[in-house]
Amino acid sequence: MSNFNDGQYEAAAHFHSRARQICAVLYPRDATESGKLLRLKQQFFLCNASLQNIIFRFKERKDGGSWQWFEFPTKVVVQLNDTHPTLAFPELMRLLMNDEGFGWDEVWDMTSKASSVGS
């Protein structure tokens, strides 16, 4: 939006078009480098959006209040049932550290407990 608001309409339209390409066709053939890159972008986009939604919903629960962060692993389970969402756990760790301000050890503990892999 900053490009658009600054009067750079073509740059804004180009950026918007590129962003829409990420999810225009899910899981393109990955025989080429561009196909592999697009798949990776899609995986990241979908994992990031899902995890942001999970975190948002966790923070908004409990009758208008919110859960305490130590309860996160008992209220949230992220299940990986395919190879596509393998970015979910590093991205969950990144979101909890960068956006929520937790340290590595806290995030590793929460993420490990919220994982259904190997359980």
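Which helices do the buried residues of H5 pack against? In this predicted model, the buried residues of H5 pack against H3, H4 and H6.

**Overall composition**

The protein contains six helices and zero strands, and its pattern along the sequence reads α-α-α-α-α-α. It has 119 residues, of which 25% count as buried. When contacts between residues at least 6 apart in sequence are considered, 45% of them join residues at least 24 apart.

H5 spans residues 88-98. Its buried residues are Ala 88, Phe 89, Glu 91, Leu 92, Met 93, Leu 95 and Leu 96.

| Helix pair | Packing angle | Axis separation |
|---|---|---|
| H3 and H5 | about 50 degrees | 10 Å |
| H5 and H6 | about 135 degrees | 9 Å |

With an angle of about 50 degrees, H3 and H5 are therefore oblique to each other. H3 passes H5 in a right-handed crossing. On the H3 side, the residues in this contact are Phe 44, Cys 47, Asn 48, Leu 51, Gln 52 and Ile 55, and they meet Ala 88, Glu 91, Leu 92, Arg 94, Leu 95 and Leu 96 of H5. By residue class, the contact of H3 with H5 comprises eight nonpolar, two polar and two charged residues.

The second pair, at about 135 degrees, is classified in the following way: H5 and H6 are therefore oblique to each other. The crossing in which H5 passes H6 is right-handed. Here Phe 89, Leu 92, Met 93, Leu 96 and Met 97 of H5 meet Trp 104, Val 107, Trp 108, Met 110 and Thr 111 of H6. The residues of the contact of H5 with H6 divide into nine nonpolar, one polar and no charged.

Leu 92 and Leu 96 are listed in the contact with H3 and also in the contact with H6; both of these leucines are buried.

Helix H6 covers residues 104-113, and its buried residues are Val 107, Met 110 and Thr 111. They lie on the same side of H6 because they cover an arc of only 95 degrees around the axis. An α-helix has 3.6 residues a turn, so residues three or four places apart point the same way. The cover over the buried residues of H6 includes helix H4 (72-75) and helix H5. Val 107, Met 110 and Thr 111 are also among the residues that H5 meets in H6. The face turned away from the buried side of H6 carries the exposed residues Asp 105 and Lys 113.

Is Gln 42 buried or exposed? Gln 42 belongs to helix H3, which runs over residues 33-60. Its relative accessibility is 1%, so Gln 42 counts as buried; the cut-off for that class is under 20%. The C-alpha atom of Gln 42 is separated by 9.8 Å from that of Pro 28, and the two residues are 14 residues apart along the chain.

Key: Residues numbered from 1 in each chain as written. Predicted model: local features only at pLDDT ≥ 70, side-chain atom pairs only at ≥ 80, totals over all residues. Heavy atoms only, no water. Buried < 20%, exposed > 50% of the residue type's maximum accessible area, 1.4 Å probe, protein only. Helix = DSSP H or I, 4+ residues; strand = E, 2+ residues; numbered from the N terminus. Arc of directions from axis to C-beta. Contact = heavy atoms within 4.5 Å. Axes fitted to C-alpha atoms, helices over the stretch in contact; angles between N-to-C directions. Parallel < 35°, antiparallel > 145°, perpendicular 65-115°, else oblique. Left-handed = near helix turned anticlockwise from the far one by under 90°. Nonpolar A, V, L, I, M, F, W, Y, C, P; charged D, E, K, R; others polar.
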